[in-house]
Amino acid sequence: MDPPLIPYDIYNEIILTNEIQEETLRYQTWKKSILQMNPPALELLRLIFHLNYTLSLNPNNKMDGNNLGIVFGPLIMRSAHENPLQMVRDAPIIINFASS
């Protein structure tokens, strides 16, 4: 999907927000970033977060957070600069974001 569902500028905000140690503040900041998206994309994002349910079924379906991040992460959000090393570094952040 090009461009990805989460625009590049919001992607950068989310990556930087990950450095916030206080969990509630980090989630509030993520929410503020996401609410900048256009309504159709925002609604699609809500449906994609259904993946969290899929994650809860991990013992049966073997789709843990890493597998879901690898498969769906680049479709949901990615940097404008597709650097494979940076994508690997960002993957845990994307997984954390998508499963929150």
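Visitor: Where does the largest share of the lining of the second largest pocket come from?

Guide: From α7, with 5 residues. Helices are DSSP runs of H or I with at least four residues, numbered from the N terminus. This is a predicted model, in which local features need pLDDT of at least 70 and side-chain atom pairs count only at pLDDT 80 or more, while totals for chains, interfaces and linings use all residues. Residues are numbered from 1 along each chain as its sequence is written, and side-chain values use heavy atoms, with hydrogens and water left out.

Visitor: What makes a residue part of a pocket lining?

Guide: A pocket is an open set of points on a 1 Å grid over the protein atoms alone, where a 1.4 Å probe fits, with protein on both sides within 12 Å along at least five of seven lines; a lining residue has an atom within 4 Å of a point. The second largest pocket has a volume of about 160 Å³, the space filled by probe spheres set on its points. Of its 13 lining residues, Gly69, Pro74, Met87, Ala91 and Ile94 are closest to the centre.

Visitor: What is known of the largest pocket, by volume and by lining?

Guide: Its volume is about 220 Å³. The lining has 10 residues, with Trp30, Lys31, Ile34, Phe49 and Phe97 nearest the centre. α2 (23-34) gives the most, with 4 residues, and both α2 and α3 (39-48) supply at least two.

Visitor: Why is Ser79 called buried?

Guide: Buried means under 20% relative accessible area (1.4 Å probe, protein chains only). Ser79 has 15%, so Ser79 is buried. Ser79 lies in the loop between α6 (65-76) and α7 (84-98).

Visitor: How do you know that Ser79 is in contact with residues beyond its neighbours within four places in sequence?

Guide: Contact means heavy atoms within 4.5 Å. Leaving those neighbours aside, Ser79 meets this with Tyr8 and Tyr11.

Visitor: What makes a set of residues a nonpolar core?

Guide: The members are buried Ala, Val, Leu, Ile, Met, Phe, Trp, Tyr and Cys residues joined through side-chain atoms within 4.5 Å. The largest such core here has 19 residues, and Ile6, Ile14, Met37, Leu45, Met77 and Phe97 touch the most other members. α1 (8-17), α2, α3, α6 and α7 each give two or more residues to this core, and α1 gives the most, with 4.

Visitor: Which residues is Met37 in contact with, its neighbours within four places in sequence left aside?

Guide: Leu5, Ile6, Pro7, Ile10, Leu42 and Leu45.

Definitions and conventions:
Buried < 20%, exposed > 50% of the residue type's maximum accessible area, 1.4 Å probe, protein only.
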